[in-house]
Structure formats: structure tokens, C-alpha cells
Amino acid sequence: MTKVEALQLSILRDFSMTPGPRFSHEGPFSGEQFRDEVLVPRFKEALESKTKLFVDLDGTAGYGTSFLEESFGGLARIYSPELVLKHLELKSEEDAYLAEDVIAYIEEANDNGKSRLG
Amino acid sequence: MANLGWAKRILYRIFKILKLLIGSPLAYLLYGIVIGLPLGLFSPLIFASITFKNEIGIADLLNVSSTVLVAVVIGLYLNKQYSDQRVEKDLLIENAKEVSNSLKEIHRIFLDNYYQQSVTEKSVREIKSGFKNFSNNVAVLENSIQKCPRMSRISLEEVKEQRRGYRVILTNDPFPTSPYTISSYNNEDKVYRALIQSIQTLILEINRK
């Protein structure tokens with residue numbers, strides 16, 4: 001039986017070194033853009049191949065909560081927090097609690113299109 | 001009654017001096033003198049009905065030597081325990097102070113940004129890296145606590161929860177496109193003060209262990 005490896009996604013390599021604001025109209029490299037152009041397609045691929053999507057958060061200039069909530073929280077609003085957490089793995093060695101915070105944004109994403117944050 | 005007050009003051013001063021010397025071998029010598037000397041001077045009165053032999057046997061010498069040896073060994077062991085505990089406390093307090101300093105730094109950066117009411121690439125970078133530095137200092141403190149068995153009951157959960165809320169205040173909308181609002185300022189101030197208080201409580205808790 002062939003072992004299916006996790007799909008890899010690096011925000012630095014596959015998107016941008018400088019993640020930006022929440023929405024596309026606010027500026028380049030937004031959370032919305034990242035979600036629609038990179039995260040959702042790769043997550044869909046992971047679901048179809050019944051594997052996990054491994055996201056590397058390291059190497060960038062840092063993230064705003066607005067970017068993370070719109071991208072990962074937005075993903076959870078499309079697929080449900082439970083499904084996202086089941087098929088997503090996060091890595092962050094440069095910012096100690098970043099992965100934990102992202103998981104919290106996923107768990108707290110509600111289904112009316114708005115975040116409970118702020 | 002006045003004599004009692006005077007005696008109390010003398011004893012209190014002796015106690016304060018002894019407390020300063022705890023952990024020092026000199027303390028044990030002083031304890032011995034303070035307790036042993038009056039006992040020796042008043043022993044005829046205390047032990048009047050007890051008869052003592054005026055000879056010292058080899059068993060008595062061995063008895064005294066082994067008692068002194070045990071007292072010294074126990075003293076050295078207790079001294080080491082105290083010393084290890086002090087090192088752990090000092091290390092954790094230093095780490096907690098680093099957390100506090102990095103928090104004050106990001107608070108200063110936030111206030112600069114709020115007062116200037118402008119968003120630049122530099123200010124965005126400062127906020128992000130400042131918060132990351134603070135966050136990582138909390139992680140270092142957490143790891144250090146886990147490495148000290150005596151401090152294992154100290155919980156960092158409140159600080160971590162507040163840290164998470166602080167990230168949202170600093171880097172959620174309107175960041176990084178628009179300047180911070182009055183609402184951002186008020187929320188930041190509230191969480192900042194709560195964090196400072198939590199860290200201070202933590203330092204006191206560490207010192208008490």
C-alpha cells in the first residue's frame with residue numbers, strides 16, 4: 001500500500017513574503033486573495049486525495065490577524081471548522097504561538113460570513 | 001511587662017540576623033550557640049534530678065562525632081536544595097521580566113502609531129515583529145517553567161490567553177491598512193494593563209515557591 005504524503009504549502013514560496021490586509025480591495029497579497037487563489041484549491045486537492053494539507057507559516061514578514069482570519073477562518077466558513085482541522089496541519093517555528101492562534105481562528109469562524117473577532 | 005517587650009525586641013533582632021544567614025554554615029553555628037549555651041548554663045537547674053557520670057567513654061565520643069557528622073551532612077544537603085531553588089527562581093523571574101520588557105516595547109510602538117495616525121511599511125513591520133518578540137518571550141518563559149519541577153504548578157494560561165487577545169487588538173482590522181482608532185486604543189490599554197498585572201502576579205508567585 002502506497003503511503004500518501006501530505007500536500008505541502010509554503011506561504012513564503014507559494015504566495016508572498018509580505019502577507020497583507022484582509023480584503024483584496026485593501027491592498028496586495030490579502031488574506032482573501034491567498035484563500036481564493038492558493039489555500040482553497042490546495043485544500044480541495046488534499047480532500048480529494050484524502051490526505052492532509054501541510055502549511056508552512058515561516059519565512060514571511062509576519063501576519064496580521066485580519067489576514068489569518070480571512071484566509072483560514074474563511075476556509076473554515078466554506079468547509080466547516082471540523083473538516084478543516086481534520087485535513088490541515090500548520091507549522092510555525094519562528095512565531096511560537098502562531099499555529100495555535102490560527103487554529104483558534106478556524107474554531108471561532110462562524111457561518112454567517114463574519115468573524116467573531118474584534 | 002516592659003521587660004518582656006525588651007526581651008522580645010532582642011529575640012526579634014536575633015531572628016532577623018539568623019534569617020539573613022539561612023543557608024550559610026555560619027547560621028548553624030549561631031543556632032548551636034544560641035540554643036546550646038543557655039541549655040549548658042542552666043542545665044544544673046533543668047536537670048537537677050538527673051545524675052551524670054564524670055567520665056567520657058569511646059561510645060560517647062563516637063556518638064558526638066556521628067551526631068556532628070549527620071548535622072553537617074544535612075546542613076550541606078539543605079544548603080544545596082536552597083541554592084538550586086534560588087537559581088530556578090532567579091532564572092524564571094529574569095524570563096518573566098523579559099516578557100514584561102518586550103510587552104512595554106510593543107505598547108510603546110502601538111502608542112507611537114496611534115498618536116501619529118499614519119500607517120507606513122515601517123510601522124507595520126514594527127508592530128508585527130514587536131508582537132512576535134513578545135510572543136516568543138512568553139514561549140521561552142513557558143518552556144523554562146516546564147523545566148523546573150518545583151515550579152510545575154505555576155500556570156501561564158492566563159498570560160497566554162491575554163496574549164492571544166492582544167494579537168487580535170494589535171493586528172486585526174484596521175491594521176494594516178488604516179491607523180488605529182480610539183476603540184483600538186482603549187482596548188489595547190485595557191489588555192496591556194491586564195497583561196502587566198498578570199506578569200507581576202506571576203513573578204510574585206514564582207518568588208513565593
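The model is predicted, so local features need pLDDT of at least 70 and side-chain atom pairs count only at pLDDT 80 or more, while totals for chains, interfaces and linings use all residues. Residues are numbered from 1 along each chain as its sequence is written, chains are lettered from A and ligands numbered from 1 in the order in which they are written, and side-chain values use heavy atoms, with hydrogens and water left out. Chain A has 5 helices and 3 strands, whereas chain B has 6 helices and 0 strands. Helices (H or I, at least four residues) and strands (E, at least two) are DSSP runs, numbered from the N terminus.

**Chain A overall**

- From the N terminus on, the elements of chain A follow the order β-α-α-β-α-α-β-α.
- Of the 118 residues in chain A, 53% are buried, where buried means under 20% relative accessible area (1.4 Å probe, protein chains only).
- In chain A, 70% of the contacts between residues at least 6 apart in sequence join residues at least 24 apart; a contact means heavy atoms within 4.5 Å.

**Helix α5 of chain A and its surroundings**

- The buried residues in α5(A) are A:Leu98, A:Ala99, A:Asp101, A:Val102, A:Ala104, A:Tyr105 and A:Ile106.
- These buried residues of α5(A) pack against α3 (65-79), α4 (81-87) and β3 (88-91) of chain A, and also against α5 (157-171) of chain B.
- The axes of α3(A) and α5(A) come within 8 Å and cross at roughly 50°; axes are lines fitted to C-alpha atoms, for helices over the stretch in contact, and angles run from 0 to 180 degrees between N-to-C directions.
- The helices α3(A) and α5(A) are therefore oblique to each other, given that angles under 35 degrees count as roughly parallel, over 145 as roughly antiparallel, 65 to 115 as roughly perpendicular and the rest as oblique.
- On the α3(A) side, A:Thr65, A:Leu68, A:Glu69, A:Phe72, A:Gly73 and A:Ala76 meet A:Leu98, A:Val102, A:Tyr105 and A:Ile106 of α5(A).
- The residues of this contact between α3(A) and α5(A) divide into 7 nonpolar, 2 polar and 1 charged; Ala, Val, Leu, Ile, Met, Phe, Trp, Tyr, Cys and Pro count as nonpolar, Asp, Glu, Lys and Arg as charged, and the others, Gly among them, as polar.

**A:Asp101 and chain B**

- A:Asp101 lies in helix α5 (residues 98-108) of chain A and is buried, with a relative accessible area of 0%.
- Apart from its neighbours within four places in sequence, A:Asp101 is in contact with B:Arg163, B:Arg164 and B:Arg167.

**Chain B overall**

- Along the sequence, chain B reads α-α-α-α-α-α.
- Chain B has a radius of gyration of 29 Å, whereas a compact globule of 209 residues would have one near 17 Å; the radius is taken over C-alpha atoms, and the globule rule is 2.2 Å times the number of residues to the power 0.38.
- Taken along the principal axes, the C-alpha atoms of chain B fill a box of roughly 95 × 45 × 25 Å.
- Buried residues account for 32% of the 209 residues of chain B.

**Helices α3 and α4 of chain B**

- Helix α3 (residues 58-116) and helix α4 (residues 121-147) of chain B pack at an angle of about 165°, with their axes 9 Å apart.
- The helices α3(B) and α4(B) are therefore roughly antiparallel to each other.
- The contact of α3(B) with α4(B) has 14 nonpolar, 8 polar and 2 charged residues.
- B:Leu111, in helix α3 of chain B, is buried, with a relative accessible area of 16%.
- B:Leu111 and B:Tyr185 are 74 residues apart in sequence and 7.9 Å apart in space, C-alpha to C-alpha.

Definitions and conventions
Buried < 20%, exposed > 50% of the residue type's maximum accessible area, 1.4 Å probe, protein only.
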